[in-house]
Amino acid sequence: MASFKKTQIRSLPKIGQKVTADTLYWRKLNFPVTVKEFGPIDYIDVMPIEPYFIAVSSAAKVQIYNPITHQVHRHFTRFKEAAYGASIRSDGKLVIAGCDEGHVKLFDIGSKSLLRIFKGHKGPVHRCKFTTDNVHVVSFSDDKSVALWDLPSETEIIKFSEHSDYVRAGCVSSISSDLFLSGSFDHTVKLYDARSPTGSTISVDHGSPVESVLMYPSNSIFVSVGGTELRVWDMLAGGRLLARVSQHHKTITCLHLASDGKRLVTGGLDRHAKIYDVQSYQVVHTLDFPSPVLSLGITPDDFTVVAGMANGLISMQHRQTQAEARALNPKQSLKVQKKSQTAYRFRLNADFRSVNRTFNPATDVEVATKTDTNFVSRYDMFLRKFQYSKALDTVLTPYIRKKKPAITVGVMHELIRRNGLKSALAGRDDSSLSSILTFLARNINDPSHANIIIQVANTLLEIYESSSLTPQSEKLFLQLQEHVNREVEYVKHLMEIEGMLHILLASTTTQARRSSTYVVQGSSVKPMLPSAAAAANATMIFNVG
C-alpha cells in the first residue's frame, strides 16, 4: 500500500523590500537623538576632520555640536537677523556664515571671536564656502550675484552677476581654488572660473528652481536638485545631461555625498532621505524622518547622519557598533555561545545498568540517534481518514482563513482532486456555511486563488440552489454576488482600455508607415518625415546611380 502524501500548499512569494548590502549597512543606524531649535534648520555642515564637529545654522545663531555628546560645543550669536549657510574650514579652525544683512561673517572656533565682516552684497547671503586653498571665500546672495573674497585683506576679488533670480545654492571645487558652482531660482546652474572674469564657463537649465548643487571630487561631474528632480551633468562635455532621477514626490532641498563618494544622499520635503548608487543612480535605501528635511550632514566615516528639519528638530543617528549590538540583543549573543551537547549524545547500555560489572566503553556505550518524527497536520489526518467535512472545517478557522488563505485553498483543491468537495460542502448549518461564504467573498477577487474559489462557489450554488436558506445565509450569498458583479465590471473596464490602446497603437503604426515614403530630388532619395525633429534625425541620403 502506498504511503500517504501530504497536501501540497501552494505558497506565492511575498512582495517586500529587497534586502541588499546597502540595506543592512544603513539599518545599523541607532534610534535618533533629537535636539529642538527655535527655527527651521537652514543648513548643516560637517567638519571634514576629526572630531567631526557639526555646524548648524538656525534662526539668528550658528551652533557647533559635538556629534558624540550631542551638546553644543560653541555658539555664535553676532547676528542681528537670521544666519544662513555656516561652513567650517577644512582645518576646523574657522567658520563662516551669511546673514540677512547681506554680510559674510568669519569666526574663530577656538576663541569665538568675530575676525572678518565681508560687506558688498545688497541682499541676504544664504550660502558661503571656503575655497580649497583656505584663503578665499565664495558667497552666494539673493542680490543675484556670486562673489569671491580674500580673507587676509577682507576685500572682494571678483563678482559675477549673471543670474536673474535669488542664488540660494553653491559649492566649490575640492581640487581647484578657482572653480565654484552656483544654483539659482532662475532654474540655471552656472560654473565659474575666477581666472575668467568675463562670465560663467558653463550654464545649464535645471528646469525648476535650484535648491542645492554638488560637485564630485573628481571635478568631472556636478549634480543639481530642485523640484522633484535630481539631475547629473558632465562638466568635461560642457554641461551635457547624464541622468534625470525623480524619486521624491515633493521638493528636494539638499544633497550630500557619503561612503567615500560612492553614495549620494538627497533630502526633501516629503520627509524622506534617499540614498543612491552613483554608478546607476538607483535608490539603495530610504531614511524616514518626522518632518520635512531641509538640510543633511554625514561624517566622512558614515558614523553619524544628521538631518535638519523644518520644525526646528535636529536628528542625529549613529552607526551601531558590535558592542552595542551585543548589548541590545543579549539573546542573539547567547545563541552564538551554544551549550555543549556532548552529555546528550551518548547513553549507557541497558545491560550495563542492570548488571554490576566492569565498564567497557566499546560495548556499554550507545550513540543516541535523533528520531525523525513526521509531523502531520490535522487536515491531513482527516483527509487520510476520508473525513472531508472535518478536513474543510479545520482550515476554516478565523486565523487560517484570514492569515493563511493559501492553506484553505490548498485543502479545497485537494477535495476537488478527490471528488470529495460536494460531500464536504453538503448538509451544513448557518454557522459553518457563513464561514465558507465569508472566505469565498473575501478571496474571490484574488487572481492567485480565483480558479479554485470559483469552482467551490459553483459547487456551493449547485448544492443549495433548491434548498430553503435562512435570512443570514441568503444575505451572505448576496454579498458574494456583489463581489462577483464588481469583478465583472472591473474586467469590462479593463477590456475597454485594452481596446483603446490597440486602436492607438494601430493608428501610430499606420502613421509611421505613411511617413516613411521617399521623394526623389534630383539624383538623391530623401525620406519625408512628419515632424521637424524626426527630419533632423533622418539626415542620411541614398544616392541613385
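How many bridges pair strand β7 with strand β8, and in which sense do the two strands pair? Strand β7 covers residues 94-99 and strand β8 covers residues 103-108; they pair in the antiparallel sense, over five bridges. One of the residue pairs involved is G98, whose bridge partner in β8 is V104. The model shown here is predicted.

Strands of a sheet pair through backbone hydrogen bonds, and the arrangement is either parallel or antiparallel.

The strands β7 and β8 belong to an open sheet of four strands, in the order β6-β7-β8-β9, with antiparallel pairing. At the edges lie β6 (83-88) and β9 (114-119), each of which pairs on one side only. From one strand to the next, the twist averages 20°.

Now turn to strand β2. Is this strand largely enclosed by the rest of the structure, or open to the outside? Strand β2 (residues 41-46) has six of its six residues buried, so the rest of the structure largely encloses this strand. Strand β3 (residues 54-58) runs antiparallel to β2, and five bridges join the two. Within this pairing, I44 has V56 of β3 as its bridge partner.

Strand β16 (residues 188-193) runs antiparallel to β17, to which four bridges join it. D205 is the bridge partner in β17 of T188.

How do helix α12 and helix α13 cross? Helix α12 spans residues 430-443 and helix α13 spans residues 450-464; their axes come within 10 Å and cross at roughly 140°. Because of this angle, α12 counts as oblique to α13. The crossing of α12 with α13 is left-handed. On the α12 side, the contact is made by L433, I436, L437, F439, L440 and N443, and on the α13 side by I453, V456, A457, L460 and Y464. Sorted by class, the residues in this contact are 10 nonpolar, one polar and no charged.

Helix α10 (residues 405-417) also meets α13: the two axes come within 10 Å and cross at roughly 60°. This angle makes α10 oblique to α13. The crossing of α10 with α13 is left-handed. In α10, the residues V409, M412, H413 and I416 meet I452, I453, Q455 and V456 in α13. The contact of α10 with α13 divides into six nonpolar, two polar and no charged residues.

Notes: Residues are numbered from 1 along each chain as its sequence is written. This is a predicted model: local features need pLDDT of at least 70, side-chain atom pairs count only at pLDDT 80 or more; totals for chains, interfaces and linings use all residues. Side-chain values use heavy atoms; hydrogens and water are left out. Axes are lines fitted to C-alpha atoms, for helices over the stretch in contact, and angles run from 0 to 180 degrees between N-to-C directions. Angles under 35 degrees count as roughly parallel, over 145 as roughly antiparallel, 65 to 115 as roughly perpendicular and the rest as oblique. A crossing is left-handed if the near helix is turned anticlockwise from the far one by less than a right angle, and right-handed if clockwise. Contact means heavy atoms within 4.5 Å. Ala, Val, Leu, Ile, Met, Phe, Trp, Tyr, Cys and Pro count as nonpolar, Asp, Glu, Lys and Arg as charged, and the others, Gly among them, as polar. Buried means under 20% relative accessible area, exposed over 50%, partly exposed in between (1.4 Å probe, protein chains only). Two strands pair if DSSP finds at least two bridges between them.
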